[in-house]
Amino acid sequence: MSDERPITLFMPLLNAGAAAYKPVQALRQREDIYCIIGPMGEGEQWKFPPGSMVRRSPKIMPDGRQEMVATPVPEGRDRRPRR
């Protein structure tokens, strides 16, 4: 795993209605790839569960703030955690 401090990404929630996000922690693995760390709250369904490799992308939230949101790693990219 990475020796860096976790960052906050906003996680799309699958069971909370349209455009629902939750702040979660992630560790940088390499370049622009991050590993989501948990735990996932009881009853929550994250688009990317703990242990998933994601990228971060800017998104304007419903309240007008710009936040970094967890997004999929493109096909063909190395999704393995850094050792």
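Tutor: Let's start with a term: a residue is buried under 20% relative accessible area, exposed over 50%, and partly exposed in between, using a 1.4 Å probe and protein chains only. The model is predicted, so local features need pLDDT of at least 70, side-chain atom pairs count only at pLDDT 80 or more, and totals for chains, interfaces and linings use all residues. Residues are numbered from 1 along each chain as its sequence is written, and side-chain values use heavy atoms, with hydrogens and water left out.

Student: How many salt bridges are there?

Tutor: A salt bridge needs a side-chain nitrogen of Lys or Arg within 4 Å of a carboxyl oxygen of Asp or Glu. Counting by this rule gives five.

Student: What is the relative accessible area of Lys22, which forms a salt bridge with Glu44?

Tutor: In this pair the closest N and O atoms are 2.7 Å apart. Lys22 lies in strand S2 and Glu44 in the loop between strands S3 (33-37) and S4 (53-60), so the bridge ties together parts 22 residues apart in sequence. Strands here are DSSP runs of E, at least two residues, numbered from the N terminus. Glu44 is partly exposed at 22%, and Lys22 is partly exposed too, with a value of 24%.

Student: Which residue forms a salt bridge with Arg28?

Tutor: Arg28 is partly exposed at 31%. The closest N and O atoms of its bridge are 3.6 Å apart, and the partner is Glu4.

Student: Which residues are joined into one network?

Tutor: Glu67 and Arg65 form a salt bridge, their closest N and O atoms 2.3 Å apart. Salt bridges with shared partners make one network of Asp63, Arg65 and Glu67.

Notes:
Helices (H or I, at least four residues) and strands (E, at least two) are DSSP runs, numbered from the N terminus.
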